[in-house]
Amino acid sequence: MDEEAATRDHVGSLERGLAVMEILARHPSGMTLTEMADEAGLTRAGARRFLLTLVATGYATQAGRVFSLSPRLLTVARTWLGGASLWTFAAPIMRVVAAQLNEACSAAILSGQDVVYVARIPGRRILSVSLDVGTRLPAYCTSMGRILLAGLTSAELNTFLDQAAIERRTPKTITDIRLLAEAIGKAKTDGFAIVDEELELGLRSIAVPIRDRAERTVAAINVSTQSARFSVAEMEKEILPALLEARQRIEDFFVV
């Protein structure tokens with residue numbers, strides 16, 4: 001498709017409407033019309049039309065002056081995720097890992113500044129972080145996020161680091177951009193990422209990348225555990241081999 005045809009077929013209003021949905025997703029407590037107009041760079045009239053359209057189609061709700069996303073978008077996402085054949089294939093492999101280690105095994109993809117869970121086999125250990133398919137977590141302080149970021153090009157990673165909204169989730173969270181870049185670089189060199197209580201105190205996780213036939217990182221799988229169960233060294237020694245074996249079996253899906 002040439003540039004002129006691409007421009008002709010581009011629906012600007014749809015693009016702006018999708019941007020409004022993404023902004024609402026980042027504000028689960030809801031937003032006022034004025035707040036949306038300011039963040040989306042729209043006039044109040046324009047923001048009002050988009051928000052009321054989302055309400056009319058069931059993708060958003062309105063309570064007084066506050067607009068919020070409705071569960072309908074999650075239903076659409078789960079329908080798409082549920083039809084992803086890779087994860088249908090991968091789930092039994094992940095279930096073996098979870099049973100072998102008695103810990104949760106999850107898979108995620110990168111979406112903007114977050115990772116989005118596309119598969120999860122829960123472990124028997126209870127963690128206070130509630131996770132399910134469709135859950136979004138910040139990429140910068142999660143093991144799957146780190147290994148997914150390690151698969152980006154230098155330009156893509158620099159853009160991420162420039163735009164990332166980084167906050168200190170625990171006293172151990174890396175918030176310095178230089179140190180974060182070093183941690184991502186280490187994950188790329190090592191081929192795995194361990195995050196030690198940066199998302200939540202008491203929670204450790206280790207992740208490896210899932211690559212397609214072109215060696216592009218398309219997803220990540222991890223095992224998460226309580227810090228009292230495994231030390232960082234024990235995770236590398238005891239959990240990593242199981243993850244690497246599962247990764248190989250999942251990547252075989254891409255082989256013709």
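Here is a short tour of this predicted model, stop by stop.

Before you click: local features need pLDDT of at least 70, side-chain atom pairs count only at pLDDT 80 or more, and totals for chains, interfaces and linings use all residues. Residues are numbered from 1 along each chain as its sequence is written, and side-chain values use heavy atoms, with hydrogens and water left out.

Stop 1: Now pick Thr32: its bridge partner in β3 is Val66.

**Stop 2: the core.** Next, show Trp87, Met94 and Ile250, which are among the residues with the most contacts inside the largest nonpolar core, a set of 28 residues. Such a core is made of buried Ala, Val, Leu, Ile, Met, Phe, Trp, Tyr and Cys residues joined through side-chain atoms within 4.5 Å, where buried means under 20% relative accessible area (1.4 Å probe, protein chains only). Colour α6: its eight residues are the largest share of this core.

**Stop 3: Val116.** Finally, go to strand β5 and find Val116. Is Val116 buried or exposed? It is buried, at 11% relative accessible area. Leaving out residues up to four places away in sequence, Val116 touches Ala107, Gly134 and Arg136, among others (contact means heavy atoms within 4.5 Å).

Note on methods
Buried < 20%, exposed > 50% of the residue type's maximum accessible area, 1.4 Å probe, protein only. Helix = DSSP H or I, 4+ residues; strand = E, 2+ residues; numbered from the N terminus. Pairing = 2+ DSSP bridges.
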